[in-house]
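Visitor: I have just started reading protein models, and I would like to understand the words that go with them. Could you take me through this one with care?

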Amino acid sequence: MRVFTTFEEVAEAAGTDLGASDWVTVDQRRVNQFADATGDHQWIHVDLERAKDGPFGGTIAHGYLTLSLVPWLGSQVFTLRTPGAKLNYGVNKVRFPTPLHVGKRVRLHVKMGDVVDIPSGKQLTVHHTIEIEDEAKPACVAETVVLLLP
């Protein structure tokens with residue numbers, strides 16, 4: 001795991017590949033818990049019998065569940081121990097190129113994007129790809145923005 005303790009270290013990492021997390025299985029229990037937490041009980045996510053005859057041949061994870069794995073899996077790849085506050089500023093882009101079938105394993109691949117000076121500190125862009133084991137296309141690609149304040 002890469003640990004950044006200074007703004008300079010973060011800036012030097014701009015454009016570099018930070019690596020990948022461990023693989024984790026996205027099981028039906030996790031999908032059901034996400035459905036309960038969000039109120040999204042669409043049958044393609046939670047109804048095993050109906051989903052067998054659906055467009056994906058079984059249940060699939062919610063796109064936003066997949067996206068929500070980014071912070072947890074990302075913490076296996078890098079951490080920011082810079083002085084001051086670290087704020088999630090937003091997401092520039094999110095796409096879900098292929099459905100994530102329940103029971104599949106995923107991991108997060110992380111690349112540091114641009115690191116720019118802003119009046120209050122640094123703004124960094126981080127590129128995340130949630131890869132599905134044995135699949136050509138990822139489940140999710142997302143570009144997040146983080147503010148580092150002194």
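Visitor: What makes the lining of the largest pocket count as 10 nonpolar, 7 polar and 1 charged?

Guide: The sorting goes by residue type, because Ala, Val, Leu, Ile, Met, Phe, Trp, Tyr, Cys and Pro count as nonpolar, Asp, Glu, Lys and Arg as charged, and the others, Gly among them, as polar. On that rule the residues of the lining divide into 10 nonpolar, 7 polar and 1 charged. Please keep in mind that this is a predicted model, in which local features need pLDDT of at least 70 and side-chain atom pairs pLDDT 80 or more, while totals for chains, interfaces and linings use all residues. Residues are numbered from 1 along each chain as its sequence is written, and side-chain values use heavy atoms, with hydrogens and water left out.

Visitor: Why is this space called a pocket?

Guide: On a 1 Å grid over the protein atoms alone, a pocket is an open set of points with protein on both sides within 12 Å along at least five of seven lines, whereas in a cavity a 1.4 Å probe fits but cannot get out; lining residues have an atom within 4 Å of a point. The largest pocket holds about 470 Å³ of space, where a volume is the space filled by probe spheres set on the points, and grid points are joined across faces, edges and corners. It is lined by 18 residues, and the closest to its centre are Val-70, Pro-71, Asn-88, Thr-144 and Val-146.

Visitor: Which element gives the most to the lining of the largest pocket?

Guide: That is strand 5, with 5 residues; the elements that give two or more also include helix 5 (63–74) and strand 8 (140–148). Helices (H or I, at least four residues) and strands (E, at least two) are DSSP runs, numbered from the N terminus, and the protein chain has 5 helices and 8 strands.

Visitor: How do you know whether His-128 is buried or exposed?

Guide: Buried means under 20% relative accessible area, exposed over 50%, and partly exposed in between, with a 1.4 Å probe and protein chains only. His-128, which lies in strand 7, has 6% relative accessibility and therefore counts as buried. By the same cut-offs, buried residues make up 39% of the 150 residues in the protein chain.

Visitor: What makes the pair of His-128 and Thr-144 a polar contact?

Guide: A polar contact is a pair of N or O atoms within 3.5 Å; within protein, one must be able to donate a hydrogen and the other to accept it, and residues adjacent in sequence count only if both atoms are side-chain atoms. The side chains of His-128 and Thr-144 make such a contact at 2.9 Å.

Visitor: What does Val-110 touch?

Guide: Contact means heavy atoms within 4.5 Å. Leaving aside neighbours within four places in sequence, Val-110 is in contact with residues including Asp-17, Phe-78 and His-128. Val-110 is in strand 6 and has a relative accessible area of 0%, so this residue is buried.

Visitor: Where is Asp-134, and why is this residue called exposed?

Guide: Asp-134 sits in the loop between strand 7 and strand 8, and because its relative accessibility is 73%, Asp-134 counts as exposed. Asp-134 also has a positive phi of about 65 degrees although it is not a glycine. Most residues other than glycine have a negative phi.
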